[in-house]
Every structure is written in structure tokens, then in C-alpha cells.
Amino acid sequence: MKVALEYAAEEKFDVKRQTEYAVKGITKIVNKIGPRKPGSPEEHRAQQWFEKDMKNYCEETKIEDFTLHRQGFMGFIPFTVCCGVASVFLNWLVSSIAAFVLCVLAFIPLIFEFLMYKQFDDFLFPKQTSHNMIATRKPSGEVKKRFIMIGHSDSQFEWNINYLIGGLQAKLFVEIPAVVGLVIQTIFALVCIIVGKGGAANAIANAKWFFILFFVVSIIFIPFEISFIFFQSWTKSVPGASDNLSGCYVGMATIKALAEAGIRFENTELVMICSGSEEAGLRGSKAYSKAHEQELKDIPTAVVALDTFRDLETMAVYDRDLSGTLQHHKGVKELVHDACANCGFDVKYESIYIGGCDAAPFTQRKIPATGFAAMDPAPPRYYHTRLDNVENLRPEAIEAGINIMIEACCMFDKNGAEGVTE
């Protein structure tokens, strides 16, 4: 049985009307503001619109700024590609040791920036100012616990190859071969160092056919690596209707639904964050969780990152994050999973195997969090492309997200979450 029904009758929440509010809001932002690259005036303007809406339902709203270097997250790609390609010829003509060093240098930003979301090479790129919008609905009594929903306001620079051939095809025919090629080139250089005492020429003398084959295979992967330079546009961002205006509006519509149903929790504070620059490496949630870490730990707090509500068939609660290296909080995961079940959805726990969501910085700081989304992990062709537009929205997925988050809020108010103690 839905816990939310203990707070108000189903019709009081009027989830269909809240869904219409969300779709209308998304449409307005896409049509009148347009793409919202990380740290852009358009991102900020969208957050100002969000704040204006939330003032109707929350006692406190504010927009906080922070500094970022938006191209740091993906700006390493030309460097990594050049190192990988150069290592092949350097290994053959000059020195296997130098080639191996280039391969290691190629991997460092790939691992630290793209897979681990560290702010590793940000200082090499220009600074911008980004923002987080925070709206807080206070309880009627003393604040004893806090439930935070967070969705990101920005939209990604277009992933050209995803648009041209589709997300899954881009992964299979560009991303994976490019990385595999770099791995092979690294192994080739290392083997040449061991067998050839520092050079491919000496290694060839010992096992000619093997090393010629290795060199030819390395050459074959070079076009895949070079194509990776053109993987992303460096100037054009996408509409971002589903990713992630849908997540922002699921959270905002949840607060709106509770307010319009006349529900004010006695001791649970509700917070909605529309973060900035998530697509630049979770920079908004990193900035917020760092700036507010102590207050987030002063009272029991649970965080749910809402990221893309479109593909109901693959709706999931995220168990692991940051390319599978980070495990989210057991109690918060189970809270959202049980809320899904109470609303009639049998969802799985999934991992983000490449990338991350806004829950990760909170989990890293030991603040209980999880991620929740309805997006095909393949990924679909609309992912980070111009096809992520209003025409591609699925209102039924947004409706499901609102329904589930209303339930999650009420469940947390009534019983908290395991491991999130008062």
C-alpha cells in the first residue's frame, strides 16, 4: 500500500496535472532559452525560472555560484589521441620506452577526468561561473531530517557520432575500439621494452612475425582513435529536454504536488537542487556538497539524484556510480526501490559503468545518496544529441517519476531510511 495515501487521497496529488506542469515547463525552457551549456548564461537563466516557480511552494530559495572549467572534463581528448597515435610510430622508429611513456600519459587524464570525475586538468582551461538553484520547503516543526532531490539544469555539448550512428553503435565502433587500440599500443611498447631492450627493431630481430603483426594491429586502431577527436562538438550544446530538464521537473513537481495537497511534514525538510554543470563532470553537485558538507551531516540527510525520465522500460535505482567504482547508500537505494514497488514498478538496481550522476559527490563525502533514472543505458541515439528535444519527451515516464518521488518523500518522512538515523 502506498504510504502517500496516509497523507492525502490520490486525487489530491493530481499527478497528471503535475506532469502537464512539467512538460509545459520543459517546452518553455527549450523553446525560449534553448541549449544550456555548462556555466552559460542560458543555464543560469533556466535556474532563475526554476527559482521563480519554487518561490510559490518553498519558504527559502537561492542561487549559489561556483567556478568551473567546463572544457576540462573532455578537453583531454585531443591530447590523449595524439599521444596514442604518436606512440605507435615512436615505438617503431625511435624508442619503445618513450612510446610507453606517451601511452601512460594518454591514460592519465582519461582515467582521472572521464572515468573518475577528478578535477585533474581543469586548471589548463578557461574559467566560467556556474550556479546551483536551491529551494527549501520547511517543516511545520523542528527540522530533524532532510530529503534532497537534485537534477541538473545544463545540457551537454553534442556528441556528434552518437547523432550520426546512434549511441550503442558509437560505443561499439568508436569508443571501445579507441580505448582498446590504446591498450594494445601500450602493451606493444611494454613488450618491446622487455624483449627488445628498449626498441622495436631489436624486438623484431627476435620474433619478426609477432612484432610486425602487433605493429599492423596498432595501425588498424589509429582511425578509431582519431575519430574520437570528433566525438563531441566543442561549441554546440543540445536541447536537453529529457537529459535533464525532466529530472529537474520531476523534483519540482513533487514539491508542488505535496504543497498543493496541503501536506507539510512535521519534522522533514524537503530540498530541491537544480544543479549546474553536471555535464562538465558533476561540478555543481561537487560544489554544493563541499560547501554544505557540515550542515548536511548535522541532521540525517538522504539525497536522490534525478537524471532523465524517458525510457520506462529501463527505469532503475543506481547501486554503483563513477564508472562502477563507488557504491551508494544501502538505505537510500532501498527507500527509492520500495517507493517504486509501492507505485507498481518493478525496477532493478543498476550500475553506471561509464560516467556518473549527481549522487556521486554526496556519497564520496559520506552523505547517504543514490541515483534514480529512466534512461536506456545503451545509450539511445537521442542521448547528448539534438534529438533530445520536446518532441522526444515521454510524459508517462515523467508522470511515473513524480508519482514515485511523492511516495519516497512520504516514506522518508514516516520511517526515514535504514542507516539514515535521527
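A crossing is left-handed if the near helix is turned anticlockwise from the far one by less than a right angle, and right-handed if clockwise. Helices are DSSP runs (H or I, at least four residues) numbered from the N terminus. The model is predicted, so that local features need pLDDT of at least 70, side-chain atom pairs count only at pLDDT 80 or more, and totals for chains, interfaces and linings use all residues. Residues are numbered from 1 along each chain as its sequence is written, and side-chain values use heavy atoms, without hydrogens and water.

**View 1. Helices α4 and α5.** The axes (lines fitted to C-alpha atoms over the stretch in contact, with angles from 0 to 180 degrees between N-to-C directions) of α4 (residues 77-93) and α5 (residues 96-115) come within 8 Å and cross at roughly 165°. Helix α4 is therefore roughly antiparallel to α5 (angles over 145 degrees). The crossing of α4 past α5 is left-handed. Residues in contact (heavy atoms within 4.5 Å) include F79 and L90 of α4 and L102 and P109 of α5.

**View 2. Helices α2 and α15.** Helix α2 (residues 15-32) packs against α15 (residues 395-415) at an angle of about 125°, with the axes 9 Å apart. In this pair, α2 passes α15 in a right-handed crossing. Among the contact residues are V15 and I26 of α2 and P395 and I406 of α15.

**View 3. Helix α13.** The 13 residues of α13 (residues 330-342) reach 18 Å from first C-alpha to last, close to the 18 Å expected at 1.5 Å a residue (1.5 Å times one less than the number of residues). Buried residues (under 20% relative accessible area, 1.4 Å probe, protein chains only) of α13 include K333 and H337. G344, which follows α13, has a positive phi, near 90°.

How values were computed: Helix = DSSP H or I, 4+ residues; strand = E, 2+ residues; numbered from the N terminus. Parallel < 35°, antiparallel > 145°, perpendicular 65-115°, else oblique. Buried < 20%, exposed > 50% of the residue type's maximum accessible area, 1.4 Å probe, protein only.
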